[in-house]
Amino acid sequence: MGLLKGLLRIHIIEAKNIKKQGLLNRDHSVVEQDVSDPYVTVDVGVTRVARTAIQSNTLNPRWNEIFVVKVAAKARSVTFKVKDRDLVGCDHLGGFVIAVEELLEEPTVSGWFTLVGAGQRDCGKLRAEISFAATSDNLLARNMFPPRPCQRVTLYQDACSRGLSGGEDKGTLLKLRPGESYWEDLFQDIRQAQNLIYILGVKLNPDVRLSRGNHHTETLEELLLDRADKGVQILIAVQEVDWSRSLDDTRRGSTNVLERFKGTEIKVCQISSLIKHTSTSLVILDTENGIPNDPQRHLVAYFGSSDLDTGRWDTPSHMIFRTQETLHREDVYNPRNKVTLCPLTTDISFSTSTSANSELCDVTALYPRLPWHDTHSRVQGRTAHDLLLYFEEQWLLNGEVVEFSEVDDEDYDLDDTEGQVVSVARELDALEQALSSFDDGYEIEFEAGESGNSSPTKDIPSPWSCTVLKNIPISVTSTGSLRRRTRTRKITKNLCSGNADEDIIEKVLISRIKNARKFVYVECPVLFEGRTGSYHEHSLPAVLNEIITRITISITNRTDFSVYLLLPEEHSWWGNVGQNGTTNPTHFHRECLVKMYGMIGNVIGRMPHAADKHPTDYLVVLTLRNNGSSTPYKGHDKNIESETIFVNSQIVVVDDEVVVLGAQPHVALMLTQPRYTAPISGPLPKGYVHRFRLALWAEHAGQVHDSWHDPGSRECKNCLVDIAKANRKSHAAREPCSSHLLEYCQTIDREGSVTFW
């Protein structure tokens, strides 16, 4: 067994004279078929690192595909297999093996290799080349980072979760800070940065203002240029270089980030289109450590789903009309409004998606701003450093060669030793009182030593445990020759020793759900699309399938267990579900719900003791919509009284013990508190994961209920469902709703049949 640590380049060129074993004659002789649908797989040890495209109806296929694999693993051999795709499964045609020791001695091995099939029979030849280049790059060994202790974690339930207006008791259930939010905190940290600012996201609009409602007027571009002039290294990696244009944006010129920062010290790169279905936003920077005359700095990371793009600044109130001339001035975005710049003037013409052409529409036909629900976090120390390594890896795969700012223990307090221990009493009714006195929401900051108990706590050195979960990144670029009708595909992967698996995040979520005792709460629409970002019509994504398995166990054992799913309603810019369902996320959601409820109904039907049960006793699907209580703002259609709240948060909460942010295909952050773990029996822990989940529910439902302490109970489920049904009824009657929470537009019978409306 040898250690491969470096770059493995695999070039699969072509094959010839492939022999496929067919059916047997009456005399038991083998009939070799004259057609096949071959493809090639490559395994390092037991881990799949490459798979070619399928060539149809040929015994002499040509692939010409190149795979570049970052590998740090122990293995005995590299195995090539040629397989034939069948209607069900696949047939193994033949293969060959290259020993790792041979690669270590002879870095390049190439030629025609004999394919050995069953019974050591010759099944043709494969032309390939494999080469290995050793490296000592530590990034190759970073796939699943170890749990890191963290003194301070800040969780944001929206991009701007404002605190109380002042004068409140700081010894309440939650630590409430007036006027601060994710964007406000980020604004202050950017102004303090001295060494580095790294930004990764889907989109970035340099014209957005992070700080609003006060005397600060700087745009993000102005902040970054000011820091760059002071020697701060600024790197921006985005998936889409063109940002969204606001309705009242009167600027002419390009909306391309690459062009905007061209000629400055700020470097921008575009991330591979393969991961465009993700919605992770990451900002890493250095800040002051709060200790006077101490040169050491903190490394801070903001991680979550809120991009620094047009229209993404939002509060728990999710206003659509009132703030368009104030907090959302020059930041009103709705995809249903098409914006076109006039060629000779600075005017902007608006057209709606319902128009048959691009003619100017009357101003009263404009749609209001689209509200967003995001979740975000702020971590520091070793956890931030792990996210820094993830950013550097993404930049190396997609951007130009740069020398990253050096981060070490001498200049940075990576062990996060600062942080005062706070001992405060916790009273649950204080949360309800806070909600009733302030309707704009709140932001929760958890500091060292805080507890969910009703008595003061003792010093806790590290109240949080943070783990960065990272799947193996893949980037794909394709080029082809029409004359030759061949395709060359270059794929870059990572294979890491000990965690050589592409689905680390998925496996962690499955493990957590499998061991859940009471409930699972999901605000993560991406889970319905699976890791590849595309729905499979014949099977559920693995995480949803594990949810059904856990519900089945609950029904069989006659125990209470609840799963709450929060999904966005259908949006018109996604396309019609019936006509264009393959590209509409609502189609993924509905097809999965049909399967899930059908499976639950089938289990209930087979269990005599579950005769009084219903599929909705175990699986509850909810959605969010602005309550419509605001009067339509001038200039907008009077018939538009509400707007769907786009659920973009990517979180999974299990038993109030763990919260996973960014629970989607590429990178995630798992947060737990060692002191607050779910026991085998008894009540669920009441630490800060519990508090954060309560804060989310309070925002959505507009109230707090005692039953929410036991989300697995029927009382809790009925409470949320009653609120959601009442709001759906009010919405249908065009009456103001009591809160944002509505039931999903579906009806389920006892057999699990789903009817959408």
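Tyr521 is buried, with a relative accessible area of 3%, where buried means under 20% relative accessible area, exposed over 50% and partly exposed in between, computed with a 1.4 Å probe on protein chains only. The model is a predicted one, in which local features need pLDDT of at least 70 and side-chain atom pairs count only at pLDDT 80 or more, whereas totals for chains, interfaces and linings use all residues. Residues are numbered from 1 along each chain as its sequence is written, and side-chain values use heavy atoms, with hydrogens and water left out.

## Aromatic pairs

The structure holds 13 aromatic pairs; rings of Phe, Tyr and Trp (for Trp, its six-membered ring) pair if their centres lie within 6.5 Å, and planes under 30 degrees apart count as stacked, over 60 as edge-to-face and the rest as tilted. Two of the pairs are set out here.

| Pair | Centre distance | Plane angle | Class |
|---|---|---|---|
| Tyr521 and Trp697 | 5.6 Å | 80° | edge-to-face |
| Trp697 and Trp708 | 5.6 Å | 85° | edge-to-face |

Tyr521 lies in strand E26 (residues 519–523) and Trp697 in helix H10 (residues 688–701), so their pair ties together parts that are 176 residues apart in sequence. Helices (H or I, at least four residues) and strands (E, at least two) are DSSP runs, numbered from the N terminus. Trp697 is itself buried, at a relative accessible area of 2%. Elsewhere, ring pairs link Tyr198, Phe391, Trp395 and Phe404 into a cluster.

Which strand holds Val652? Val652 is found in strand E30 (residues 651–654), and at 2% relative accessibility it counts as buried. Although Val652 and Tyr521 are 131 residues apart in sequence, their C-alpha atoms are 5.8 Å apart in space.

His376 is found in strand E21 (residues 376–380) and is buried, with a relative accessible area of 1%. A polar atom of its side chain lies 3.3 Å from the backbone nitrogen of Ser305. Leaving aside neighbours within four places in sequence, His376 is in contact (heavy atoms within 4.5 Å) with residues including Thr154, Tyr182, Ser281, Ser305, Ser306 and Leu661.

Ser306 lies in the loop between E17 and strand E18 (337–341) and is also buried, with a relative accessible area of 1%. With the neighbours within four places again left aside, Ser306 is in contact with Ala159, Tyr182, Trp183, Ser281, Arg312, Asp374, Thr375 and His376.

Why is helix H2 described as largely enclosed by the rest of the structure? Eight of the eleven residues of H2 (residues 182–192) are buried, so the helix is largely enclosed. Those buried residues are Tyr182, Trp183, Glu184, Asp185, Leu186, Phe187, Asp189 and Ile190. What covers them includes strand E12 (153–156), strand E13 (196–201), helix H3 (220–229), strand E16 (281–288), strand E17 (297–304) and E21.

## Packing of H7 and H8

The axes of helix H7 (residues 504–514) and helix H8 (residues 542–557) come within 9 Å and cross at roughly 10°; axes are lines fitted to C-alpha atoms, for helices over the stretch in contact, and angles run from 0 to 180 degrees between N-to-C directions. That makes H7 roughly parallel to H8, since angles under 35 degrees count as roughly parallel, over 145 as roughly antiparallel, 65 to 115 as roughly perpendicular and the rest as oblique. In this contact Glu506, Leu509, Ile510, Ile513 and Lys514 of H7 meet Ala542, Val543, Glu546, Ile547 and Arg550 of H8. By class, the contact has six nonpolar, no polar and four charged residues, where Ala, Val, Leu, Ile, Met, Phe, Trp, Tyr, Cys and Pro count as nonpolar, Asp, Glu, Lys and Arg as charged, and the others, Gly among them, as polar.

## The protein overall

The secondary structure comes to eleven helices and 35 strands, and of the 757 residues of the protein 58% count as buried. Among contacts between residues at least 6 apart in sequence, 73% join residues at least 24 apart.

How values were computed
Polar contact = N/O pair within 3.5 Å; in protein donor to acceptor, adjacent residues only side chain to side chain.
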